[in-house]
Amino acid sequence: KADLSECDLRGADLTWDLTGADLTWADLTGAHLHGADLTGAHLSWANLTGADLRGADLTQAKLQVAHLSRANLSWANLRLAKLTGADLRGADLTAATWVDGRKCAKQSIGECK
C-alpha cells in the first residue's frame, strides 16, 4: 500500500491502483484521478480541490474533512465512504453512487440529490 501522506501531488496523473493508499494531508489540487481505484484509501484532510475523480472507486474511502470543492466526482463510487466534515461545495456528483448506495441525480452539485 502506497504511503503518499503529506505529499505534494498537485496536478499529478494518478489514474492507477491506489487501493488502501495513505494520502492523508496530501495536496491533490487539480490531480487527475479519473477511474482510479481508491478503495479503502485514507484521504482524510487531503486537498482534492478541483480534482478529476470521474468514475473513481472510492468505496470505503476515508474522506473525513477532505477538501473536495469543485472536484468532479461524476460516476464515482462513494459507497460506504466516510465523508464527515468533507467540503463538497461545488463538487459535481452527477450519477455518482452515494455512501448509502443510491444514485445521485443529474445536476447534483455539492450534494447528492
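The legends below describe close-up views of a predicted model. Local features need pLDDT of at least 70, and side-chain atom pairs count only at pLDDT 80 or more, while totals for chains, interfaces and linings use all residues. Residues are numbered from 1 along each chain as its sequence is written, and side-chain values use heavy atoms, with hydrogens and water left out.

**View A. Surroundings of Ser-108.** Ser-108 is buried because its relative accessibility is 0% (buried: under 20% relative accessible area; exposed: over 50%; partly exposed: in between; 1.4 Å probe, protein chains only). Its side chain reaches the backbone oxygen of Ala-105 at 2.7 Å. A polar atom of the Ser-108 side chain also lies 3.1 Å from the backbone nitrogen of Lys-113. Apart from neighbours within four places in sequence, Ser-108 is in contact (heavy atoms within 4.5 Å) with Ala-91, Asp-92, Leu-93, Thr-94 and Lys-113.

**View B. Positive phi at Arg-70 and Gln-107.** Most residues other than glycine have a negative phi. Arg-70, not a glycine, has a positive phi of about 60 degrees; Arg-70 counts as exposed because its relative accessibility is 58%. Gln-107, also not a glycine, has a positive phi of about 65 degrees, and with 58% relative accessibility Gln-107 counts as exposed.

**View C. Leu-68 in the largest nonpolar core.** This core (buried Ala, Val, Leu, Ile, Met, Phe, Trp, Tyr and Cys residues joined through side-chain atoms within 4.5 Å) has 39 residues. Leu-68 is one of those with the most contacts inside it, together with Leu-28, Leu-38, Leu-43, Leu-48 and Leu-53. Leaving aside neighbours within four places in sequence, the contacts of Leu-68 include Leu-48, Leu-53, Leu-73, Leu-83 and Ala-91.

Conventions: A polar contact is a pair of N or O atoms within 3.5 Å; within protein, one must be able to donate a hydrogen and the other to accept it, and residues adjacent in sequence count only if both atoms are side-chain atoms.
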